[in-house]
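Q: Could you walk me through this structure, starting with the overall picture and then going into some details?

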Amino acid sequence: MNVRAGFAPEPDFSSPSPTPENSQKLTNPRSADARLDLARVLCEFPGGLKSGRVPSSLEDAIRDEVKCLYRELRELEPRNVDASIGLGEVLAGNDELVEAIREMAAYPDAVGLPSFDDSFVHIEIIRLIMKLGGKDRNSPYFSSAQLKKSLVIAGKVMGFDGISKYVNTLDQFGRWDLLMEVYSAINDRPQNDKSMLDFFKAMGWMQ
């Protein structure tokens, strides 16, 4: 199987930032719902983070509080999809894309088959990695193990068509080795399976 090689080494999206020490000094009962509601209010109410009308003197403080709330919520409920997506959105909204990916990548894997919650988190991860890679076909972001993992999980839930937007971009960039690995993993078949080889040839991923 001949594929293109020589791409830059992959980035590391492991080890998200630890929960700040001050987040351990809780004044409210350890309620997941309370933390989610307060984080949403601070983000979405008129004058909240998403409004674009927060005074600059308060923006960093509100953002830090929202991040703290989402991290506390994640400690209470590790597979709370709102906590992972919300934290990722806050970080990405401040142009902290790599940190947003690291935090969402910490979302625990499902026991057994992935769910729509898993696909929701991993589609967001894919979107941010593709944004970081941009139009540079040689970008190391397209070689990341996290991109492969997220494509496989999203593809298992949504089908190959559900990730076709990203597949088409990676195809144009000549990332055929990655696409063959992803397609095989989604279908739980080895890459040398005849049905896989036939598909790869039909897609032009094998020379």
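Q: What should I know before reading the numbers?

A: This is a predicted model, in which local features need pLDDT of at least 70 and side-chain atom pairs count only at pLDDT 80 or more, while totals for chains, interfaces and linings use all residues. Residues are numbered from 1 along each chain as its sequence is written, and side-chain values use heavy atoms, with hydrogens and water left out.

Q: OK, how many helices and strands are there?

A: The protein chain has 9 helices and 0 strands, where helices (H or I, at least four residues) and strands (E, at least two) are DSSP runs numbered from the N terminus.

Q: And how much of the chain is buried?

A: Of its 207 residues, 41% count as buried; buried means under 20% relative accessible area, exposed means over 50%, and partly exposed lies in between, with a 1.4 Å probe and protein chains only.

Q: What share of the contacts links residues 24 or more positions apart?

A: Such pairs make up 64% of the contacts in the protein chain with a separation of 6 or more, a contact being heavy atoms within 4.5 Å.

Q: Now the packing: how do α1 and α2 sit against each other?

A: Helix α1 (residues 32–44) packs on helix α2 (residues 56–76) at an angle of about 155 degrees, and their axes are 9 Å apart. That makes α1 roughly antiparallel to α2, since angles under 35 degrees count as roughly parallel, over 145 as roughly antiparallel, 65 to 115 as roughly perpendicular and the rest as oblique. The axes are lines fitted to C-alpha atoms, for helices over the stretch in contact, and the angles run from 0 to 180 degrees between N-to-C directions.

Q: Which residues in α1 and α2 meet?

A: On the α1 side they include L36, A39 and C43, and on the α2 side they include I62, V66 and L73. By class, this contact of α1 with α2 has 12 nonpolar, no polar and 4 charged residues; Ala, Val, Leu, Ile, Met, Phe, Trp, Tyr, Cys and Pro count as nonpolar, Asp, Glu, Lys and Arg as charged, and the others, Gly among them, as polar.

Q: What does V66 touch?

A: Leaving aside neighbours within four places in sequence, V66 is in contact with A39, L42, C43, L49 and V90. V66 is also among the residues with the most contacts inside the largest nonpolar core, which has 55 residues; such a core is a set of buried Ala, Val, Leu, Ile, Met, Phe, Trp, Tyr and Cys residues joined through side-chain atoms within 4.5 Å.

Q: Switching to R74, is that one buried or exposed?

A: R74, which is placed in helix α2, counts as buried at 13% relative accessibility. Apart from residues up to four places away in sequence, R74 touches A83, S84, L87, E103 and A106.

Q: What about E89?

A: E89 lies in helix α3 and is partly exposed, with a relative accessible area of 39%.

Q: Why is α4 described as largely enclosed?

A: In helix α4 (residues 97–105), 7 of the 9 residues are buried, so the helix is largely enclosed by the rest of the structure. The buried residues of α4 include L97, I101 and E103, and what covers them includes α2, α3 (81–93), α5 (116–133) and α6 (145–158).

Q: Last one: how do α6 and α8 cross?

A: The axes of α6 and helix α8 (residues 176–186) come within 9 Å and cross at roughly 40 degrees. The residues of this contact of α6 with α8 divide into 7 nonpolar, 1 polar and 3 charged.
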